[in-house]
Amino acid sequence: MHDLVIRNGTLVDGSGGPSHRSDVAVTGDKVTEVGEVAGKGRREIDADGAIVTPGWVDIHTHYDGQATWDPEVTPSSWHGVTTVVMGNCGVGFAPVVPDRKEFLIQLMEGVEDIPGTALADGVTWNWETFPEYLNELACMPRVLDVSALIPHGAVRAYVMGDEAAVHRDEATGDEIALMTKLVREGLEAGAVGFSTSRTLLHRAKDGELAAGTNATFEELVTIGSALADAGHGVFEVASDLIDIDAEFSWMEQISRESGCPVSFGCLQGNSQPDAWQDYLAATDAANARGANLIPQVAGRPACLLFGLEATAHPFMFHRTYRALAALPLAERVAKMRDPDVRAAMIGEDPLEAGLARLVTADLDRLFPLGDPPDYEPTADQSIAAIAQRQGRSAVEVAYDALLERDGHALLYKPILGYAHGNFDDLLTMINRPGTVLGLGDAGAHCGLLCDASLPTYMLSHWVRDRTRGERLSLEHAVHLQTRRTAEVFGFFDRGLVAPGMLADLNVLDFDSLGIPAPEMTYDLPTGAPRFIQRSTGYVATVKSGV
């Protein structure tokens, strides 16, 4: 007798091949039969009319702290994710000198917008080395599997000290040797790779660049040799790629000398909307010379969500708003609906005008998000376009939009990946052979966005609902976030529904699959806030047969 049989479903097995009607049998933590299963199961799921897929493998998350206190690893587990890779972008919590953990907290808080109070209170900190961190992760049973990259920022701080890690670009030979040794030990203990950040956008809470941003190529290449010594691992890079030739030179060298993949964020900016094509061309050239560079692409734009509960909104620097900011949301909304308060706030100049411009600039690129959310709005849906049609100022329209849904409404500002006002360039990157889907940042940016829902969105929007251009096939959308993501990290036991594979499965009611608007909750340690996003349409998620 099998432990579980899923019957009569439409199987999309993760390979990218055609879907077909099939049963799936599970014994223990493995898939044992695929096809017509005659034997009974101790538990059975009737999947007639539903879709059966592998569990999603999300390779770009920041659960490094949360994974030590949250056995459910939400919200990713609500979206059918059964494996995550954390430790991206060069930030994380190991190795750590026990009395210097505050440095890593403020680094994570600044770079990934995870409340420092929650990290200080919630993270268990029962480790010093990276192998000890992995042991700590292994102590907690979870509803999904977590894996970790070794973060450059933490390694640098451990070896060089906090100040030197940030302010001294050139490490000594002995320091580089020790960093390489620590990375090799982490890889041998089970780390799935190494990560670094080279973007000016990544700054600690104190405003300083993330440790390692300007590290020398010698340091990066030498650390990369640890992957060759360990015989596995992905070298993950977040870079502005301003000097394309220089950046691709050291990435190619690491990949060719280690034999391991180097994956970098391939994003579209507004100032150079076609630069991503240069990144892909440079990738092709390097790979033709024997490298294995893998552009990591997004399934929807990197964005900011503005709201009265969010970290930012267009009136946060107004004197009148600051007098109300500490009020509970309901009271704040009531005050803001007062005509005199509204007139005062709309009419006054913001304090800290330079910072205010970062929030209020480009109102033609600011949209009401809506519920259900619309991440691919047309230009005529922007705050500026609405204002023009209504004969009002854009500031008035933004003010009133924030008060909708009793102050829970959100404004959506796509930052990267929406230069031409549609998803067509994202589609080209997604469909391009050799790229990998990532960049959802699950667990991070708690007050500014929530893209942990990306796995669900890839099916609900890209496969079923998109009206502004070509859609993805169901089989391809499933493949992109199962077998494809799993193989990049060497997770060859998952991402595919076949006998002998790990029994990580989703059963989906495709017609009802969807996501509501993000909502703010206060469920982190110390009651700290975070955006979450729920899902509909998951009949069941099975992790290792459970």
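**Helix packing and strand pairing**

The axes of helix H6 (residues 173-189) and helix H7 (residues 217-230) approach within 8 Å and cross at roughly 30°. The model is a predicted one. Because angles under 35 degrees count as roughly parallel, H6 and H7 are roughly parallel to each other. The crossing of H6 past H7 is right-handed. On the H6 side, the contact is made by Ile 176, Met 179, Thr 180, Val 183, Arg 184, Leu 187 and Glu 188. H7 contributes Glu 218, Glu 219, Thr 222, Ile 223, Ser 225, Ala 226, Leu 227, Asp 229 and Ala 230. Sorted by class, the residues in the contact of H6 with H7 comprise eight nonpolar, three polar and five charged.

An open sheet is formed by eight strands, in the order E6-E7-E8-E9-E10-E11-E12-E16, with parallel pairing. Strand E6 (56-58) and strand E16 (436-437) are the edge strands, each pairing on one side only. Within this sheet, strand E8 (residues 145-151) is joined to strand E9 (residues 193-198) by three bridges in the parallel sense. Ile 150 lies opposite Phe 194 of E9.

Antiparallel pairing is found between strand E2 (residues 20-27) and strand E3 (residues 30-35), which are joined by five bridges. Ala 25 has Glu 33 in E3 as its bridge partner. The two strands, E2 and E3, form a hairpin with two residues between them. In the turn, Gly 28 has a positive phi of about 65°. In general, strands of a sheet pair through backbone hydrogen bonds, in either the parallel or the antiparallel sense.

Note on methods: Residues are numbered from 1 along each chain as its sequence is written. This is a predicted model: local features need pLDDT of at least 70, side-chain atom pairs count only at pLDDT 80 or more; totals for chains, interfaces and linings use all residues. Side-chain values use heavy atoms; hydrogens and water are left out. Two strands pair if DSSP finds at least two bridges between them. Helices (H or I, at least four residues) and strands (E, at least two) are DSSP runs, numbered from the N terminus. Axes are lines fitted to C-alpha atoms, for helices over the stretch in contact, and angles run from 0 to 180 degrees between N-to-C directions. Angles under 35 degrees count as roughly parallel, over 145 as roughly antiparallel, 65 to 115 as roughly perpendicular and the rest as oblique. A crossing is left-handed if the near helix is turned anticlockwise from the far one by less than a right angle, and right-handed if clockwise. Contact means heavy atoms within 4.5 Å. Ala, Val, Leu, Ile, Met, Phe, Trp, Tyr, Cys and Pro count as nonpolar, Asp, Glu, Lys and Arg as charged, and the others, Gly among them, as polar.
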